[in-house]
Amino acid sequence: MHTAERVTLARLPSGMTVETTLHTYGSGEPVVYVQAAQHGREVNGAAVLRRVHEELLASEGSLDGTLLAVPVADPLTFDHVSYTTPPTLDAQNANMNRVWPGDPTGTIHERMAARLWELVEGADAIVDLHTGSRDTLTHTVYRRGDAPSRALALAFGTAVCLAEAADEDAEDEWAERDFDGKFRVAASEAGIPAITPELAHNRELVEPAIETGVRGVFNVLRHLGLRSGDPETPADQRVARNHLGRVRSTASGLFRPTRAARVGQWVEAGTPLGRVTHPTTYETLQSVEASHDGLLYSVTREATVTAGSTLAGVALPLDDRAGEADESDDRSADHESGEGANR
């Protein structure tokens with residue numbers, strides 16, 4: 001069973017409405033909510049949901065539960081092919097992924113988030129499809145210490161999963177960048193397991209990224225019992241702790257990464273990653289090195305950088321797939337007992 005309906009998210013100054021499409025597949029419980037294109041230039045997620053749609057309609061078997069899918073969560077940024085909305089529309093909250101669970105009487109992005117949150121509140125799991133840059137390794141992020149979200153991330157099936165600390169467990173940068181308003185974090189606070197797969201490449205449809213996303217969505221459906229079978233996951237999945245403090249430039253100039261600085265490799269503290277040079281005097285302004293041991297999951301390929309720019313990202317390793325057992329907090333117990341639902 002499949003239905004599609006238009007959902008009004010907000011209203012523009014002209015009186016025109018901001019609308020998106022909600023696809024509903026199957027019926028009953030459990031309920032899985034999947035959305036894409038919360039950042040408009042991250043288009044591979046929308047292509048993933050189209051492929052999932054086609055495969056579900058072509059499949060003879062029905063879902064043992066309900067899948068809710070929103071292929072374009074933020075039509076404003078989608079139409080502008082942008083990460084954030086123009087300040088003329090929402091100067092206070094340009095990034096929709098900083099305002100969850102939203103506010104029905106707030107700014108335009110807060111209202112849009114609040115309307116989608118009405119769909120989310122009854123879900124048993126959430127997949128928020130995003131797209132990293134071409135310089136970023138495909139990975140899935142979940143909230144560190146949240147056991148059901150961790151299991152969901154592993155089931156999605158990317159080769160790398162990153163555990164991200166939140167709230168009081170996070171570094172100062174968390175509060176400085178308003179990360180507490182992320183969709184995944186708000187869902188976890190509400191007792192709903194949630195993950196953010198970051199599929200490689202934005203602004204362009206890339207077949208390997210789409211295939212990874214399609215496989216991941218069906219893996220989640222299998223993991224939660226909506227489809228028969230077991231998730232198809234790599235045997236050598238790696239789990240690391242997301243590190244908010246990126247390797248940053250200390251000077252403005254031209255950045256040239258080393259040939260050995262390839263995403264996906266494990267590096268040690270002090271590993272050379274590149275250098276920043278002065279474009280006219282040719283002097284080396286900064287020798288860029290890994291700040292600590294871990295997984296190199298991003299290296300910028302843009303040459304012109306300013307002081308403070310992120311040049312690379314290194315995630316701290318966790319021991320193994322079960323390496324967070326000693327880090328689980330009360331959220332994990334709440335999920336497992338069912339007492340944390342919708343809190």
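A residue counts as buried here when its relative accessible area is under 20%, and Ser249, at 5%, therefore falls in that class. Keep that cut-off in mind as you look around this predicted model, whose chain has 343 residues, 54% of them buried. The chain has nine helices and 18 strands. Of the contacts between residues at least 6 apart in sequence, 70% join residues at least 24 apart. The chain exposes about 15300 Å², and carbon and sulfur atoms supply 47% of that area.

- Ser249 sits in the loop between β11 (247-248) and β12 (253-257).
- The side chain of Ser249 reaches the backbone oxygen of Thr306 at 2.6 Å.
- Beyond its neighbours within four places in sequence, Ser249 is in contact with Gln286, Val305, Thr306, Ala307, Gly308, Ser309 and Leu311.
- Gln286, one of those contacts, belongs to strand β15.
- With a relative accessible area of 10%, Gln286 is buried, because the cut-off for that class is under 20%.
- The C-alpha atoms of Gln286 and Ser249 are 7.5 Å apart in space, while 37 residues separate the two in sequence.
- Leaving out residues up to four places away in sequence, Gln286 touches Arg248, Ser249, Thr250, Ala251, Gly274, Arg275, Val276 and Leu311.

**The sheet around β12**

- Four strands make up an open, antiparallel sheet, in the order β15-β14-β12-β17.
- Its edges are β15 (284-289) and β17 (304-305), each of which pairs on one side only.
- Strands β12 and β14 (residues 272-277) run antiparallel and are joined by four bridges.
- Arg256 has Arg275 in β14 as its bridge partner.
- Arg275 is also among the residues that Gln286 touches.

**Helix α5**

- Helix α5 (residues 147-156) is largely enclosed by the rest of the structure, because eight of its 10 residues are buried.
- The buried residues of α5 are Pro148, Ser149, Arg150, Leu152, Ala153, Leu154, Ala155 and Phe156.
- Gly157 follows α5 and has a positive phi, near 100 degrees.

**Nonpolar cores**

- The largest nonpolar core has 35 residues, of which Val48, Val52, Leu67, Leu129, Tyr142 and Ile195 touch the most other members.
- Two or more residues of this core come from each of β3 (31-35), α1 (44-58), β4 (66-70), β5 (125-128), α5, β8 (160-164), β9 (194-199) and α8 (207-223).
- Helix α8 gives the most to this core, with seven residues.
- Another core lies apart from this one; it has 29 residues, among them Leu9, Val99, Ile108 and Ile192.

**Aromatic pairs**

- The chain has four aromatic pairs.
- Tyr33 and Phe183 form an edge-to-face pair, because their ring centres are 6.1 Å apart and their planes stand at 90 degrees.
- Since Tyr33 lies in strand β3 and Phe183 in helix α7 (residues 183-189), this pair ties together parts that are 150 residues apart in sequence.
- Both partners are buried: Tyr33 has a relative accessibility of 0%, and Phe183 has a relative accessible area of 0%.
- Trp100 and Trp117 form a tilted pair, because their planes lie at 50 degrees, with ring centres 6.3 Å apart.
- This pair links distant parts of the chain, with Trp100 in the loop between α3 (87-90) and α4 (108-120) and Trp117 in helix α4, 17 residues apart.
- Trp100 is buried at 4% relative accessible area, and Trp117 is buried at 10% relative accessibility.
- Tyr33, Trp100, Trp117 and Phe183 together form one aromatic cluster.

Terms used: Residues are numbered from 1 along each chain as its sequence is written. This is a predicted model: local features need pLDDT of at least 70, side-chain atom pairs count only at pLDDT 80 or more; totals for chains, interfaces and linings use all residues. Side-chain values use heavy atoms; hydrogens and water are left out. Buried means under 20% relative accessible area, exposed over 50%, partly exposed in between (1.4 Å probe, protein chains only). A polar contact is a pair of N or O atoms within 3.5 Å; within protein, one must be able to donate a hydrogen and the other to accept it, and residues adjacent in sequence count only if both atoms are side-chain atoms. Contact means heavy atoms within 4.5 Å. Two strands pair if DSSP finds at least two bridges between them. Accessible areas come from the Shrake-Rupley method with a 1.4 Å probe; for residues, only the protein chains shown count as cover. A nonpolar core is a set of buried Ala, Val, Leu, Ile, Met, Phe, Trp, Tyr and Cys residues joined through side-chain atoms within 4.5 Å. Rings of Phe, Tyr and Trp (its six-membered ring) pair if their centres lie within 6.5 Å; planes under 30 degrees apart count as stacked, over 60 as edge-to-face and the rest as tilted.
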